[in-house]
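Work through the exercises below with the structure open. Try each task before reading its solution.

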Amino acid sequence: MFSVIAICCAAYVLGIVSAPLISFLYLALFIFCVILAAIISRFVLKYKVSLVLLAALMFFAGNARYLVASENTVYDKFPEKYVEISGSICSFPQISQSKHKYRYEVETDSLTYLGETYAINKKILLNTTEELDFGDTISAWGFLTDFSDASNEFGFNYRLFYKSRGILARLTALEITKTGEKHSLSPAFWVGKLKYQMYRNMQKCLNNEDFSLACAVLFGDRSHFSKEYHSLLLKTGVGRVLYSSFTHISLILIIVSLLTSKKKYRDIFFVIAITFYLFFVNSSSVALKACITAGLALSAKYLRGYADKFSILAFTVFLLTIYNPLLCFDGGFMMSVISTAFIILSYKPLYHRLSGIRKIRKLHLAAPLSVWIILCFGALPFSAYYFNGISVYSVFLVPPLLPFVACIILTAPILFILSSAYTMLTPLALLFHTSLDVLRITPHAVQKLPFYYITLATPSIIKIILYCLLWWILIRALGGKFNTAKTKFISSAAAGLFICLALDFSINSLGIYFVNVGQGDAAVLHTSLGETVIIDGGGSSDYEKNYNIGESIFVPYLISHGFTHIDTAIVSHYHKDHVEGIIAAAENLKINTLILPDSMPQSPYRLQLEEVAKEKGIKTEYLHTGDEIRFRSGLRLYVIAPEGFVTDTENENNTSLVIKACYGNFTALFTGDFEDEENLSPPQNIDLLKVAHHGSEDGNSRKFIKSANPRIAVISVGKGNRYGLPDRAVVREFNDMGALVLRTDLLGDIRCKINKKGNIKYNSLIGGTGNAAKRR
């Protein structure tokens, strides 16, 4: 089924994807797997060992290519320095919610630092408050920074995302000067100028809703959408037709098919059209993949008489990732490749089986149903991995919406290249607006359908491999190849992986997750019986008014880990850096019970929580000292502070609920921002302490630390925060007591796995794994 080309290309891509995870242990494990695969290939599957060794070589080549591509030669020379760049604007403005409203891609010619000028010829992302035009040449002085890596497990990696698009660094401009306009004979440049002229004229003639939708259809620019509408487009599947490369290529294919019915000429016309589109309209990775795949397929067909579609797809991906290996970290690109591969491998057996059902055959539904089953179920784990969900109706929405998209694409150049045409050509304008109205209404209509979007947790790599093996067994069974040596071997491999997953599952265990939400607190307790408790959810700083950590970090974290049904959500106190994530969770997830402190009755965050709870039907309870919550798993939560009702006139941090969690012989203490520790009698010799107030001296006196005497002290704190937390004296005191100090600013997410005997295993996003020492 798989050719040598396909196997080697797959090994190369796997080498790129796994490169960020490579360590000595992984390397030793990989060499062992290569030797094992060579033995199995030679004596079980009767393959040549040379193929396994060639695949291993391609894997290491992928590792090496990633390491070369991931080097940031621009930023590494000038990390976090004030520099001046000169270049030309090569993109439309993207709208940002930050202080610097506009973002542009700049083709940078030179960079000046401390009076010395360096030629760089790289793209840099420019953040500025000034609106610029496509083709403007500029000189900008500002602060050069790198893009951030993922700060959470399964979090978004902005550095790899932008580097996959050839953008190596970001400059926040403090001063900017327009020096002129770029002049070029490049056809692509002049097409860009025409597109920008359309952009400006649309901005003048259309209202905000129509303008944002037209920009998405024509240019793939979705930065003008609100967060809510953008999320709705993705969840309903309507957003698929707003990816301009996908839509434009589909229309090219339809138009070429209408021009001629002869397959020979149709293939040639399609290659010519897609090549023209690639060079003069859109050079995205999806368009490049379509162009190379079509060219290779056509060449193979006329040279050899047939085309191995899977090998051609694999070789196309190989060529693209040689040029830009970071495409392997682009979720959209990888999903397009994976979906195509699954369709190639699974379509025929599924279509043959569905065609055998008379009703389906009469209605001509075998083909669309085959594609729908493959994309919804075959590619399911990859949809979960990249997007944490699947749009159930997206496959069926594309055909009926394409005509309206075509109307927008064909009428927009006529209406907006010259601004006067829009007012003169009323019938065309009416057609244009009608098509936009259909696209705007459709997601709201789809939202009313049952199960329009299914939220999925991010699966582990082992689960993805197991699912793919099971899908492969199913497809072979549908194709009449079930009782073969190869299928039996695949079944054995799947059984082995299932046993590994079963062994990893443990009963009578408690997981405690400290989520890296920056300068805030967020913790999740999850038992082996599926009970989930969240204690605080982080929140944005006062100077980050347009960024919601709850929506952007905490809720995605919960979804990616499968914590979509929360038994109990606890708010320690009504400060933004603790409560914002709980509000976001209440609005987006299922919460049974909301636990609140009975204090600060006029706090806007308390009022907002109570309103959301009432709207969502969430049971709300106010706890006081002495109250207790019990769970079926044996987990118990006790409120041990504050004493009585605390008014607004007192220290608001001391309104924090202090929660003692007990699980068998294990005890943990969650302190919020509680600072009145002198009047608190904590349990002695506890196993885990969530350090109060982000490691501040207030709330962490020597007497308190000595009394608590924790084995592990977790400090939830923002990297480089302006408060200088945690206090060095507090960290030193914990270290002197023999506690293991774990900090989210240094380690990222922190996860502890506990059994009822009190044994603790921990791991973190950055700092690896370990066991907490037992008390003597």
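**Exercise 1. Aromatic contacts**

Task: Find which rings are linked into a cluster by ring pairs.

Solution. Start with the rule: rings of Phe, Tyr and Trp (its six-membered ring) pair if their centres lie within 6.5 Å, and planes under 30 degrees apart count as stacked, over 60 as edge-to-face and the rest as tilted. The cluster joins Phe92, Phe134, Phe189, Trp190, Tyr196, Tyr199, Phe211 and Phe219. Before going on, note the source. This is a predicted model, in which local features need pLDDT of at least 70, side-chain atom pairs count only at pLDDT 80 or more, and totals for chains, interfaces and linings use all residues. Residues are numbered from 1 along each chain as its sequence is written, and side-chain values use heavy atoms, with hydrogens and water left out.

Next, take the total: the rule gives 29 aromatic pairs. One of them is Tyr66 with Phe329, a tilted pair at 5.6 Å centre to centre and 55° between the planes. Tyr66 lies in helix α3 (residues 49-69) and Phe329 in the loop between α12 (309-323) and α13 (331-355), so the pair ties together parts that are 263 residues apart in sequence. Helices (H or I, at least four residues) and strands (E, at least two) are DSSP runs, numbered from the N terminus.

Last, check the cover. Buried means under 20% relative accessible area, exposed over 50%, and partly exposed in between (1.4 Å probe, protein chains only). Tyr66 is buried at 6%. Phe329 is partly exposed at 23%.

**Exercise 2. Charges over rings**

Task: Find which ring the charged end of Lys660 sits over.

Solution. Apply the test: NZ of Lys or CZ of Arg must be within 6 Å of the ring centre and within 35 degrees of the ring normal. Lys660 has its charged end over the ring of Tyr638, 5.0 Å from the centre. Then look at Lys756, which lies over the face of Tyr663 at 5.2 Å from the ring centre.

**Exercise 3. Salt bridges**

Solution. The criterion is a side-chain nitrogen of Lys or Arg within 4 Å of a carboxyl oxygen of Asp or Glu.

- Step 1. Asp133 and Arg200 meet at 3.3 Å, N to O. Asp133 is in the loop between β4 (116-128) and β5 (136-145) and Arg200 in helix α6 (residues 187-205), so parts 67 residues apart in sequence are tied together. Asp133 is partly exposed at 30%, while Arg200 is buried at 16%.
- Step 2. Asp521 bridges to Lys690, with the closest N and O atoms 2.5 Å apart. Asp521 lies in the loop between β9 (509-514) and β10 (522-527) and Lys690 in strand β19 (residues 688-690), so this pair joins parts 169 residues apart in sequence. Both Asp521 and Lys690 are buried.
- Step 3. Arg606 bridges to Glu610 at 3.0 Å between the closest N and O atoms. Both lie in helix α24 (residues 604-616), 4 residues apart, about one turn of the helix. Arg606 is buried at 8%; Glu610 is partly exposed at 23%.

Finish with the network: salt bridges that share partners join Glu209, Asp210, Asp437 and Arg440.

**Exercise 4. Cysteines**

Task: Decide how many disulfides a search of the whole structure finds.

Solution. Look for cysteine sulfur atoms within 2.5 Å of each other. The search finds 0 disulfides. Then check two cysteines for cover. Cys328 is buried at 3% relative accessible area. Cys376 is buried at 7%.
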